[in-house]
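Please work through the exercises below with the sequence and the 3D structure at hand, trying each task before reading its solution.

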Amino acid sequence: MTSPRLLLSFSALLAFAQPICAASLSINGLKGEELSNLEVYLSSINKDEYSTDLRFRARIESMVTESLNALGYYNPTISTRVDEKRDELIVTIEQGEPVRITQLDIQLSGEANSDEDFKRVINSSPLKLGVKLNHGQYDALKSSIRNLALQKGYFDADYKLSRLEVAPSKNEAFVRLHFDSGIRYHFGPTTISGSQIDETRVKSLQPYEESKPYLASQVGEFNQNLSNTDWFSSVFVEPDLTQLGKGRDLPMKVSLAPQSRNQLETGLGYSTDVGVRGSVKWKKPWVNSRGHSFDSSVSLSVPEQTVTAGYNIPLQDVLHDYYRIQFGMKILDNRDTESVETNLAVERHWLLDGGWHRTAYVRYLYERFTQGLQDDTSQFLLPGVTYTRTRSRGGAMPTWGDKQSITIEYGDPAALSETRVVRLLAGTTFIRSAGKNHRGIFRLDGGANFPDDFESLPPSLRFFAGGDNSIRGYGYESVSPTDESGALTGAKYVVTSTLEYQYRVTGNWWGAVFYDIGDAFNDSPQWRDGAGVGVRWASPVGPIRFDFAWGLDDSAKDDFRIHFSLGPEL
């Protein structure tokens with residue numbers, strides 16, 4: 001015979017094994033900010049914990065009270081009832097009259113008392129006499145005053161009194177904030193440790209002057225400037241807070257660690273234009289204690305092999321003012337073009353007002369080539385100037401941005417050039433976003449040659465269209481005028497344009513549709529257009545683009561091309 005105790009235990013086990021359905025919760029009487037705030041509080045409870053028992057009802061009432069107190073309602077009426085048929089807890093709330101601020105006592109002492117920035121922070125706060133109390137606004141003002149003090153060098157600052165008092169029975173609140181800032185510290189002498197670069201070079205990047213008032217933003221700018229040189233693997237700029245109270249000038253400490261003297265980078269890509277292509281880059285971020293740097297690269301594909309090397313010599317403004325000596329060689333065997341091109345250039349770089357970067361240069365070009373029926377050798381000495389400006393915001397795939405560039409070159413037979421020529425190249429790109437999920441890109445690029453004798457121009461100075469940075473539905477440099485044999489000759493002029501729409505599919509993945517149009521021509525254009533779809537990924541190493549493109553011209557519409565590329569959009 002089975003014992004009653006065994007039967008009871010077995011029954012309890014069966015009951016425990018049955019699925020338990022959580023109750024539902026309904027909130028009545030709140031809307032707007034008050035309802036949203038309560039929902040934030042309730043989000044800390046898992047829905048499978050919902051119940052209709054007395055303990056859970058007390059827990060909900062406590063959360064309702066806390067959420068309404070935070071917004072200034074200290075006398076709510078809360079009632080609960082249970083709908084047993086629907087197993088639902090119904091909470092009905094009357095929030096009551098709000099508590100209003102009847103005393104606002106904010107006092108600044110110390111040097112902050114005459115600092116207009118502190119007055120602006122206080123005046124811009126929504127805490128005013130007679131307004132409904134909001135604990136978040138009180139905390140925000142308190143934090144804003146303290147943060148501003150740290151940003152401006154009031155390192156001895158502290159609250160002598162910070163109190164928020166509430167009289168619920170009278171619906172009155174009393175705010176008291178007494179802040180003593182003490183003195184405002186100034187920048188003291190800067191000490192640099194761990195640097196392999198001359199101190200004068202490092203200090204030239206310092207945006208502040210000794211004995212000037214401290215600003216955290218200038219400390220951050222100094223830190224960013226040092227990082228942007230690529231001379232250092234780690235950078236840390238900070239005030240020496242151990243010297244507080246020992247004078248107004250606060251010493252600054254700069255701790256640095258040298259960047260590796262040699263950096264190697266490899267890359268691999270593919271497109272229907274050039275097939276598989278690989279690259280190797282070797283860089284020396286710093287060559288000597290004066291901060292000179294060296295970079296070189298080798299890029300290989302079946303139709304094109306390129307070698308470049310450059311040497312930078314920084315001047316007074318290390319980041320934006322420098323000389324660059326650059327050498328390049330390219331071997332090209334593509335369609336109707338065979339050439340061996342050698343370039344040697346000396347460049348001078350400046351940063352101008354408005355964010356424009358100016359480069360003045362002289363380059364020597366020597367090229368042996370076969371272009372269609374033409375077989376020749378040419379040399380040019382081309383002085384020129386380039387202006388570029390890039391602006392963006394929003395990370396690797398900007399939500400807003402634009403880029404403009406214009407280049408002018410001139411060659412003359414009196415100075416080692418085969419013929420007199422004026423060359424103009426220009427381009428602009430715009431990126432705009434609508435909300436978080438829609439992006440648009442517009443590009444317009446063009447070039448023009450004005451030579452006395454076009455036949456004297458080598459292929460590298462002529463224009464071709466088509467490829468992943470041009471009209472994507474056409475082969476790489478496959479669009480140009482032709483000679484009597486039908487071979488491509490290159491052109492005097494080129495114009496290409498792109499209109500692209502992107503939609504965020506999920507996370508950092510985007511879909512794209514695009515339309516390209518353009519031509520390379522001598523007299524009048526015969527526009528070639530193409531369209532396609534693509535995928536964009538905002539990867540940790542930069543935007544990656546994968547495109548399928550079709551030419552819409554009769555000669556290309558039965559073919560499609562694949563393009564894969566990595567790099568910034570601007």
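The model is predicted, and local features need pLDDT of at least 70, side-chain atom pairs count only at pLDDT 80 or more, and totals for chains, interfaces and linings use all residues. Residues are numbered from 1 along each chain as its sequence is written, and side-chain values use heavy atoms, with hydrogens and water left out.

**Exercise 1.** Describe the largest nonpolar core and the elements that supply it.

Solution. Begin with the term: a nonpolar core is a set of buried Ala, Val, Leu, Ile, Met, Phe, Trp, Tyr and Cys residues joined through side-chain atoms within 4.5 Å, where buried means under 20% relative accessible area, exposed over 50% and partly exposed in between, with a 1.4 Å probe and protein chains only. The largest such core has 22 residues, and those with the most contacts inside it are Leu226, Phe232, Val237 and Leu256. Next, assign elements, which are DSSP runs numbered from the N terminus, helices being H or I of at least four residues and strands E of at least two. At least two core residues come from each of β7 (186-193), α7 (216-228), β8 (232-239) and β9 (249-258), and β9 gives the most, with 4 residues. Then take Val237: leaving aside residues up to four places away in sequence, Val237 is in contact (heavy atoms within 4.5 Å) with Val219, Phe222, Asn223, Leu226, Met252, Lys253 and Val254. Apart from this core lies another, of 20 residues, among them Ala112, Leu133, Leu141 and Ala173.

**Exercise 2.** Which residues lie nearest the centre of the second largest pocket, and how is its lining made up by class?

Solution. A pocket is found on a 1 Å grid over the protein atoms alone, as an open set of points where a 1.4 Å probe fits, with protein on both sides within 12 Å along at least five of seven lines, and lining residues have an atom within 4 Å of a point. Of the 22 lining residues, Asp230, Lys283, Ser293, Asp295 and Asn312 lie nearest the centre of the second largest pocket. By class, this lining has 9 nonpolar, 8 polar and 5 charged residues, with Ala, Val, Leu, Ile, Met, Phe, Trp, Tyr, Cys and Pro counted as nonpolar, Asp, Glu, Lys and Arg as charged, and the others, Gly among them, as polar. Finally, β10 (263-271), β11 (275-284), β12 (293-301) and β13 (304-314) each supply at least two lining residues, with the largest share, 5 residues, coming from β12.

**Exercise 3.** Explain why the pair of Phe155 and Tyr185 is classed as it is.

Solution. Rings of Phe, Tyr and Trp (its six-membered ring) pair if their centres lie within 6.5 Å, and planes under 30 degrees apart count as stacked, over 60 as edge-to-face and the rest as tilted. The structure holds 18 aromatic pairs. The ring centres of Phe155 and Tyr185 are 6.2 Å apart and their planes stand at 40 degrees, so this pair is tilted. Phe155 is buried at 18% relative accessible area, and Tyr185 is buried at 1%. For Trp231 and Phe232, the centres are 6.1 Å apart and the planes at 85 degrees, so that pair is edge-to-face.
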